Amino acid sequence: MEKKVYEQGIEEVCSRYRTSHLGLSEEEAIKRLEQYGPNQLLEEKEESVFMVFISQFKDLLVLILIAAAVISMLSGHLESAIVILVVISLNAILGTVQTVKARQSLKSLKALSTPQAKVIRGGIKQEIPSTELTIGDILLLEAGDVVSADARLIEAYSLQVNESSLTGESVSVDKSTAMIEKQDCPLGDQINMVFSSGLVTYGRGTAIVTNVGMETEIGKIATMMNETEARKTPLQRNLDNFSKKLSFVIIGICIFVYILNDLQGATTLDAMMFAVALAVAAIPEALASIVTIVLAIGTQKMAKENAIIKNLNSVESLGSVSVICSDKTGTLTQNKMIAQQVYVNHHLVDADGLNPHQEADHLLILACGLCNDSTTTADQRIGDPTELALVDLLEKYQMDELDLRQEYTRLSELPFDSDRKMMSTLQVVGGEYTMFVKGATDELIKRCTSVLTPDGIFDFTPEQIEKIEQTNQQFAEQGLRVLGFAMKTHDDSALTLEDEYDLTFLGLISLMDPPRVESAEAVADCLQAGIKPIMITGDHKVTAKSIAKQIGIYQEGDLVLDGNELDAMSDAELHEKLEHISVYARVAPAHKIRIVQAWQELGHLVAMTGDGVNDAPALKAADIGIAMGITGTEVSKDAASMILTDDNFATIVKAIMTGRNVYANIKNTIKYLLSGNFSGILCVLFATLFALPVPFYSVHLLFINLVTDSLPAIAIGMEKSTRNLLQDKPRHQKESILDKDTMIQIGWQGALIAVFTMIAYFIGLQESHGLAATLAFATLCLARLFHGFNCRGRESIFKLGLFTNKYSIGAFVIGFGLLNLILLNSALNSLFMVTDITLSQLGIIYILGFMPTLMIQIVRLFKR
Ligand SMILES: Nc1ncnc2c1ncn2[C@@H]1O[C@H](COP(=O)(O)OP(=O)(O)OP(=O)(O)O)[C@@H](O)[C@H]1O
Ligand SMILES: [Ca+2]
């Protein structure tokens, strides 16, 4: 029987998969990719378009409409019944199109965030989309990566992988490269293997890909979870709830109207027609579809502005964000680090002023290249910007990091983590096992006992320590980031964490990372919009404060806290000071959760950025977790609800403003649709109470609700934001979209439209019932088309600018055209149950239809 991969030694595995530590050649990789297919799981089959269509009929409101059609048919109004059914079908088609579109847009958003994998091909380290991984590829793994294929480890340094999605075991597994001599070893015990879907939680490793796509262990047990399914947002659920309640109210009113009509001596069928007209008038059929469309448009807009939203939910909550906790490095700053000055041999020199013939200078340069995982090639810069700056520094001395690493092979290492804030590597230098350490100066200096000078190694004196700390402080005050370097000779070829003590200090290198140009303005916008920006960084307190001051996050009188000070604070103390703390420095990822929760306890909605593997819990705890598209780890992108494709703080602020805009537009859309429906209900109720003939036929109301109302509603949803949005305070999360103010406006504006509609009705009633219905219908329709302009915002149309929303002009023109077509074309006359009208009657419709909007606009002009 063939041995399992884990039972084979590294040499054997290499020959089995025809590969080497140099990886596959490009040609071979392409050939194998074709042979084994892309490295991806098959998606679960999604609901077919037909099923989506059918599910549109499961709505209670639609069922009421179907009942209305049946009643119409029974009462001999066959055309009405047909029109109702046609309109319901149109509505279902609209709903289907909108669901499928939302699904597609989520899919394309997902495609924008496909994970990357690091491989060695043809001896060169490179980044490729994980779908292009193939068997025999040399896969490089480091903390924060998601393992994207099954692979056999050939190198592992402190490597830990969380395989809970596969084994259910929530604790990370320590990995190693040793052969396992055991048949039928369970997955959880195959510690020299990594499996697709595993999360690298610590350390670094290299592995040979053994299985891809559906052949991987995860592929065997699962198809990809259908993440593309659009979950309903709280707003959508609220509206669902609202329509459900509304349906019951409508049924109640319909029964009431039916009984009243019956008592007044109408025939059963006539009474039913009344009830049907009412049901049709009251049901806001288009509401749900339009809200979804507006939300989807919002996500697309945000994607164009570099913010990828992973679910519609966040579009909504974004608008209520009141605190943004942001990383410094790369988010507020440019992350283009450049080495500035170097402190070595008790002297400050410029970055290109080192003397490679001096021992300390030479060792410092070696440490830059060797205690470093980043590489630059002609077309890719792979790695952490801090480390890339050190690679660039080597260039000034005509050295190449890859050559150095070839000459001094790395024997062991202790990978960087943001709790320890340092890393170490071991290699042979000058015939001795030499350990290089680099990290945050304050942490490093605690572990140093001696210092290297041109005259040899000397024990640290208090003066020397003070001088180093002073230099560190000086750098930090200029907003520079400082890295400390140290070394130690070692007695064997392996490192453990206990070895990071008794170090010999080599020097400091300061790195410049200027703030992004946009940061200051974005911070100012935040403050104006009532949003508190906070900096949370792993960097030094003084550096952090200096940058925070430059961009306006830190203001005179604010507090700057470091991780230790935060630890020393009780929860009560933290609550009390919270609003004054604008910078947290030298924090570990666990601190982030505490900060998020403290703000949440004060009732705030918190957005939090994060890039590292340990940031995932904080990203999940935040209301809006934000990951970095460029520098972020796959794990953080997984945990986040929003991904910035440009890693830029200003993008967060833009997304929040778009979120506010979307919410305001949805609110206006709802206001528009409900005030229109309310006007219809009032007219029907009025006629019932005074025993007048029915003012509209169902066809009329359906035409208005589903055709002419939808157009302005969508146009309102497309309204662009004004700078005004910045002046609002963040919306309270619990605030109902139908707040008192909105209800009042729906009430009086709906009533106004009803009044003018009834005037038209009475004018028509002088001649005939048919004409009355025609005039009432046309006036109601036109008044609601005009009303679209009122609902674009709270201000008068002159302030908003009549032409600033071209969709609303288009919506009006189309709606107005259709209405006139129905009124003036004799074939459509009979289908829509309208009578011939004279030119002067048309004039009456135009005037009465315009009146409510005229009055609403006059009220607004005088309001301020
Ligand atoms: N690759 C590295 N090797 C050694 N030390 C590092 C490395 N990267 C960062 N450091 C040190 O660790 C400190 C903390 O780094 P960390 O990545 O946690 O936060 P940061 O990137 O400085 O800030 P932010 O949290 O705002 O992104 C840094 O200030 C630096 O001194
Ligand atoms: Ca960081």
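Helices (H or I, at least four residues) and strands (E, at least two) are DSSP runs, numbered from the N terminus. By this definition, His 346 belongs to the loop between E10 and strand E11 (347-350). The structure is a predicted model, in which local features need pLDDT of at least 70 and side-chain atom pairs count only at pLDDT 80 or more, while totals for chains, interfaces and linings use all residues. Residues are numbered from 1 along each chain as its sequence is written, chains are lettered from A and ligands numbered from 1 in the order in which they are written, and side-chain values use heavy atoms, with hydrogens and water left out.

**The chain as a whole**

- The chain contains 33 helices and 26 strands.
- Its C-alpha trace spans about 115 × 70 × 45 Å along the principal axes.
- Of the 864 residues in the chain, 55% are buried; buried means under 20% relative accessible area, exposed over 50%, and partly exposed in between (1.4 Å probe, protein chains only).
- The chain exposes about 36,700 Å², and carbon and sulfur atoms supply 58% of this area. Accessible areas come from the Shrake-Rupley method with a 1.4 Å probe, and for residues only the protein chains shown count as cover.
- Contact means heavy atoms within 4.5 Å. Among contacts between residues at least 6 apart in sequence, 71% join residues at least 24 apart.

- A polar backbone atom of Lys 328 lies 2.7 Å from an oxygen atom of ligand 1.
- An N or O atom in the side chain of Glu 387 is 3.0 Å from a nitrogen atom of ligand 1.
- An oxygen atom of ligand 1 is also 3.2 Å from a polar side-chain atom of Asp 539.
- On its own, ligand 1 has 600 Å² of accessible area, and the protein covers 90% of it.

- Two strands pair if DSSP finds at least two bridges between them. E16 and E19 pair in the antiparallel sense over seven bridges, and Thr 434 stands opposite Thr 489 in E19.
- E19 is also joined by seven bridges to strand E20 (residues 503-512), and these two run antiparallel. Met 487 has Thr 504 in E20 as its bridge partner.
- Eight of the nine residues of E19 are buried, and the strand is mostly covered.

**Strands E24 and E25**

- Strand E24 (residues 606-610) and E25 run parallel and are joined by four bridges. Thr 609 has Ile 626 in E25 as its bridge partner.
- Five of the five residues of strand E25 (residues 624-628) are buried, so this strand is largely enclosed by the rest of the structure.
- Ile 624, Ile 626 and Met 628 point one way from E25, whereas Gly 625 and Ala 627 point the other way, and all are buried.

**Individual residues**

- Asn 335 lies in the loop between strand E9 (323-326) and strand E10 (338-344).
- Asn 335 counts as buried because its relative accessibility is 16%.
- Apart from its neighbours within four places in sequence, Asn 335 is in contact with Thr 329, Gly 330, Pro 385, Asp 513 and Thr 631.
- Although Asn 335 is not a glycine, its phi is positive, at about 60°.
- His 346 is likewise a residue other than glycine with a positive phi, near 65°. Because its relative accessible area is 29%, His 346 is partly exposed.
- Lys 863 is part of helix H33 (residues 839-863), and with a relative accessible area of 57% Lys 863 is exposed.
- Lys 863 and Ser 796 are 67 residues apart along the chain, and their C-alpha atoms are separated by 9.6 Å.

Key:
A polar contact is a pair of N or O atoms within 3.5 Å; within protein, one must be able to donate a hydrogen and the other to accept it, and residues adjacent in sequence count only if both atoms are side-chain atoms.
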